[in-house]
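Please keep the sequence and the structure in view while reading.

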Amino acid sequence: MHYVDVILPLPLERYFAYRITTAEADFLRQGMRVAVPFGKSKIYTGIVYRVHQEAPVAYEVKDIELIVDDEPVVTGDQIKFWEWIASYYVCTVGQVMRAALPKSMMLESETLVIKSPQYVVDDEALNDKEFLIMEALEYRNSLKVQDVMDILERKTVLPILREMLDKEYIVLQEELYSTYVPKTVKYISLAPAYQSDDALKVLLDDLNARAVKQRDAIMTLFMLQTGHREVTTKQLQERANITRSVVKSLIDKAIFIEQEKQIDRVRDSASDHNDLLELQPEQDRALGEIHSAFAKAESKTTLLHGVTSSGKTEIYVRLIKEQLEQGNQALYLLPEIALTTQLITRLKHYFKHQVLVYHSRYNLNERLEVWQHVLQADEPYVVIGARSAVLLPFQNLKLIIVDEEHETSYKQFDPDPRYHARDTAIVLAHLKKANVLLGSATPSIESYYNASSGKYELVELHQRYGNVRMPEINMVDLKEKYKRKKMTGHFSDTLIDAMKDAFKAQKQVILFQNKRGYAPIMECNTCGHAPQCPNCDVSLTYHQYKKQLRCHYCGFHNFVPQECVACTSTALDTKGFGTQQIEEEFKELFPDHKIARMDLDTTRGKNSYATLIEKVDTGAIDCLVGTQMLTKGLDFRNVVLVGVMNADSMLNFPDFRAHERCFQLLTQVAGRAGRTDEVGKVLIQSYNPEHVILQQVSTYDYTTMYKEQIEERYQFKYPPYQRLIRLTFKHRDYNTTLESANWFVSAMNQIPHGVEVLGPEFPPVARIRNLYQVNVMIKMSKKHKPQVIKNYVRKVKRSFEATKAYRSVRCNVDVDCY
């Protein structure tokens, strides 16, 4: 008897065995998809882990439903990589599989509602809802659950279906379906009978008087087809200015032939590559040092620390070109989809069709096609993507570039696996014997520590491309400005004058405010009441455009009240300010200039980033106001002034990384200014301009900041000297949440060679989406073996989930929490 172990996309610790025939055992290989039954009626897509003959004893073995693939869709290295992620980040291989595979590869089963063969028509016995369902089944063989919801106009239909099932009115059946739909395009051509000039002339003479539009269509197609070009039906309709009915009538007359062909969503057509830009001497030196570092050992990690606008991207392009010429694959990771948008244009300029893009704004079908191209490795590709691109099935990957490696966006927060793309990329490189290049103007403390201690190689770029000078950074003391009444809204007179000078010189301005919305709080001036979110322990943010109060944690929104709900006073005022308020104040100050906003509210669509960036590049807008999205490596050539509206909120954040983050954000946003010949200017508004971090930002003194921060980390036992694991407990009841966390802490305190366990402690926002949250922090020093501690956490978590009192408590494990 043969069996196959299958990885299921579920949070279960083990693989499950299914029975297969000898022929299936000969055919199946690791990495193929199989559809298997699980539980009472569900069918899941699983990945074959291994074929064997060891019969499982703990449960009844079922047969597989069907084999989905002829060839493996997941590589052996990839499964090893999944196992490492599951082991390191304390989750299951099934959860990694669900995160890695495009949804369109996951055949899911859908419940179909079918009329029972035993059902005898008796309308009297049916209630109204049952009657509507049975009436619909008279006209259709089956209904999906969503159809039933639409018919009854309600969301909770399962209790009704369960009742009908008990009465034997209906039966439920599982149907497998796939969400992948290939993209097709209709091409049009002249029928062979009319290809000759004589036959075409006779046809046109015949149509001349009777059907002018049809004649125009034939003439247009004839012109478009010169040079044996393929013409799409859409192109013909647009060029000839005709409707679909005209084309259809010519197809019916056998004059036109229409063919539907499958096309590629993600690849551009092949064409010649453009020449690369010439490197400056400083870049040449850095490139040589990177080559030397890579030559020292297989899969070597190198940190490129280069100031903003030092031409790091041109070095990356050179390294990618070398790999593509050798027939290898390269991966270029970026923290933000906005960055990918700008970089795609740049890389496609050099590498044309060899560029593939992979991120969450791509639809399911596009992501599946990228997966297939990378897996088949029919051509060397460079894949540009956000963190999920690290999970693609690379075949001959030899170079990984992690740009802006300090960015927190590389860390996955929810759901599992909570992996860090930079760290997983380094492990993937070890598996693939590839080289890794981490690039940043403000490296994370951990990466710089690894480079200083010899774990990574360090290469530095001290000059901007073309020897352009770094922007001049000046502090604006808000205390002094308010005292002297030199503020207009949230703009100081210094900032307004600098903006006027920039606009006079036909230049652009960036304004940075790290909070979206209009104002974070609306408050009653009489009694001090501020509207709170009913689901979270946080005040509602005022959004002026929609005249709404919104919660940025759960999405709850409400209309702005006309009077205070506590005391009925109409004296309502806003406190604090966000990007919307800055945008409004700008319009009052500069009515003749165009402004755009870049924050989560304005960039939800697939192409919204590209549209915004294009407007800045073409000069359609004079000022761009935004949140931290602005800081992530964007290259705007005409920006000479950057204004930071308030730097203090970043400094006073309750996090051991707050000062490091503040330095990174301000240095990065300053780097958007003066990227061409003209020296840029940066104005940072603050109530505390003498703060040590702000002074270090103003002199670009990364080294001093690093030395001070690393000393603090050593004293207070934080990374890179200790590793952190954060456990978060979530439940609707306050006491249950706290009790469950205390139970876990007491279990963790029994670890031999004890680790430091801090908490339980409620975070600043203790309730989100009606769930109370409690954090427990585990600190591991270098004397501890991390894997032993993680295995112990797994063991305690299993016992915790088996305890009846805590089964409804959600416990999340976040390794290397950021």
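## Basis of the description

Helices, which are H or I runs of at least four residues, and strands, which are E runs of at least two, are taken from DSSP and numbered from the N terminus. By this numbering, Ala-254 is found in the loop between helix 10 and strand 12, the latter spanning 256–262. The model described here is a predicted one.

## Helix 16 and its surroundings

Helix 16 covers residues 445–452, and because 7 of its 8 residues are buried, the helix is largely enclosed by the rest of the structure. The buried residues are Ile-445, Glu-446, Ser-447, Tyr-448, Tyr-449, Asn-450 and Ala-451. Their packing partners are strand 13 (301–306), helix 15 (421–432), strand 18 (435–440), strand 19 (457–461), helix 22 (658–670) and helix 24 (702–716). Just after helix 16, the backbone at Gly-454 takes a positive phi of about 90°.

With helix 24, helix 16 packs at an angle of about 95°, the two axes being 11 Å apart. Angles from 65 to 115 degrees count as roughly perpendicular, and helix 16 and helix 24 are therefore roughly perpendicular to each other. On the side of helix 16 the contact is made by Ile-445, Glu-446, Tyr-448, Tyr-449 and Ser-452, while helix 24 contributes Tyr-702, Met-705, Tyr-706, Gln-709, Ile-710 and Arg-713. By class, the residues of this contact between helix 16 and helix 24 divide into 7 nonpolar, 2 polar and 2 charged.

## His-305 in strand 13

Strand 13, one of the elements against which the buried residues of helix 16 pack, contains His-305.

Leaving aside neighbours within four places in sequence, His-305 is in contact with Ser-440, Ala-441, Pro-443, Tyr-448, Leu-458, Val-459, Glu-460, Leu-461 and Tyr-702. Of these, Tyr-448 is also one of the buried residues of helix 16, and Tyr-702 is among the residues of helix 24 that touch helix 16. A polar atom of the His-305 side chain lies 3.2 Å from the backbone oxygen of Ala-441.

## Helix 8 against helix 10

The axes of helix 8 (residues 212–224) and helix 10 (residues 244–252) come within 10 Å and cross at roughly 80°, and these two helices are therefore roughly perpendicular to each other. Helix 8 makes the contact through Lys-213, Gln-214, Ala-217 and Ile-218, and helix 10 through Val-246, Ser-249 and Leu-250. The residues of this contact of helix 8 with helix 10 divide into 4 nonpolar, 2 polar and 1 charged.

## Strands and their pairing

An open sheet is formed by 6 strands in the order 5-2-1-4-3-6, with mixed pairing. Strand 5 (62–63) and strand 6 (66–67) stand at the edges with a single partner strand each, so one side of each is left without a neighbour in the sheet. Strand 6 pairs with strand 3 (residues 33–38) in the antiparallel sense over 2 bridges, and Leu-66 of strand 6 is the bridge partner of Ala-35.

Strand 33 (723–731) has 7 of its 9 residues buried, so this strand is largely enclosed by the rest of the structure. Antiparallel to strand 33 runs strand 36 (residues 771–780), joined to it by 9 bridges, and strand 37 (residues 810–815) pairs with strand 33 in the antiparallel sense over 6 bridges. Leu-727 has a bridge partner in each of these two strands, namely Val-776 in strand 36 and Val-813 in strand 37.

Most residues other than glycine have a negative phi, and most peptide bonds are trans. Ala-254, which is not a glycine, has a positive phi of about 65° and is partly exposed, with a relative accessible area of 47%. Ser-309 likewise has a positive phi, near 65°, and is placed in the loop between strand 13 and helix 12 (312–325); Ser-309 is buried, with a relative accessible area of 11%.

Cis peptide bonds occur between Pro-719 and Pro-720, where omega is about 10°, and from Gly-759 to Pro-760, where omega is near 5°. Pro-720 is placed in the loop between helix 24 and strand 33, whereas Pro-760 lies in strand 34 (residues 756–761).

Note on methods: Residues are numbered from 1 along each chain as its sequence is written. This is a predicted model: local features need pLDDT of at least 70, side-chain atom pairs count only at pLDDT 80 or more; totals for chains, interfaces and linings use all residues. Side-chain values use heavy atoms; hydrogens and water are left out. Buried means under 20% relative accessible area, exposed over 50%, partly exposed in between (1.4 Å probe, protein chains only). Contact means heavy atoms within 4.5 Å. Axes are lines fitted to C-alpha atoms, for helices over the stretch in contact, and angles run from 0 to 180 degrees between N-to-C directions. Angles under 35 degrees count as roughly parallel, over 145 as roughly antiparallel, 65 to 115 as roughly perpendicular and the rest as oblique. Ala, Val, Leu, Ile, Met, Phe, Trp, Tyr, Cys and Pro count as nonpolar, Asp, Glu, Lys and Arg as charged, and the others, Gly among them, as polar. A polar contact is a pair of N or O atoms within 3.5 Å; within protein, one must be able to donate a hydrogen and the other to accept it, and residues adjacent in sequence count only if both atoms are side-chain atoms. Two strands pair if DSSP finds at least two bridges between them.
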